[in-house]
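Trainee: I would like a close look at one part of this model. Please take me through it in one go.

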Amino acid sequence: MEIKVGDLVRIRGTDWLGKPLGIVTEVKNLTHDQTGERYKAVTALVSGKYFTFGDESFELVSRAERKIN
């Protein structure tokens, strides 16, 4: 499932963080210069700090409500 800005997420497999909830603040599509591999980086505000990991490191908890004009 695609993660978007404003979604409520939990960081997977990071016991040192204690699995707190966070809000997605940025999603970027990146390309590794040397290999050409493409991936998505997600930044979330978790407990007052910003964390950026690949999108597979986040678990979607709740979608943000979005108004369609």
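Trainee: In what order do the five strands form the open sheet, and what is the sense of the pairing?

Mentor: First, the ground rules. This is a predicted model, in which local features need pLDDT of at least 70 and side-chain atom pairs count only at pLDDT 80 or more, while totals for chains, interfaces and linings use all residues. Residues are numbered from 1 along each chain as its sequence is written, and side-chain values use heavy atoms, with hydrogens and water left out.

The five strands form an open sheet in the order 4-3-2-1-5, and the pairing is antiparallel. Strands here are DSSP runs (E, at least two residues), numbered from the N terminus; two of them pair if DSSP finds at least two bridges between them. Strand 4 and strand 5 (58-62) stand at the edges with a single partner strand each, so one side of each has no neighbour in the sheet. On average, neighbouring strands are turned by 40° against each other, direction ignored. The axes behind that angle are lines fitted to C-alpha atoms.

Ala44 has Phe51 as its bridge partner. Val46 is bridged to Lys49. Two residues lie between the strands, and Ser47 in the turn has a positive phi of about 50°.

Thr43 belongs to strand 3. Thr43 is buried, at 11% relative accessible area. Buried means under 20%, exposed over 50%, and partly exposed in between (1.4 Å probe, protein chains only). The Thr43 side chain makes a polar contact with the Thr52 side chain at 2.7 Å; the term covers N or O pairs within 3.5 Å, one able to donate a hydrogen and the other to accept it. Beyond four places in sequence, Thr43 also touches residues including Ile23, Thr25 and Tyr50, where contact means heavy atoms within 4.5 Å.

Lys40 pairs with Glu2, closest N and O atoms 3.8 Å apart. Lys40 lies in strand 3 and Glu2 in the segment before strand 1 (8-11), so the pair ties together parts 38 residues apart in sequence. Glu2 is partly exposed, at 45%. The structure holds three salt bridges. Another is Asp7 with Arg63, at 2.6 Å between the closest N and O atoms. Asp7 is buried at 0% relative accessibility, whereas Arg63 is partly exposed at 35%.

Methods: Helix = DSSP H or I, 4+ residues; strand = E, 2+ residues; numbered from the N terminus. Axes fitted to C-alpha atoms, helices over the stretch in contact; angles between N-to-C directions. Salt bridge = Lys/Arg side-chain N within 4 Å of Asp/Glu carboxyl O.
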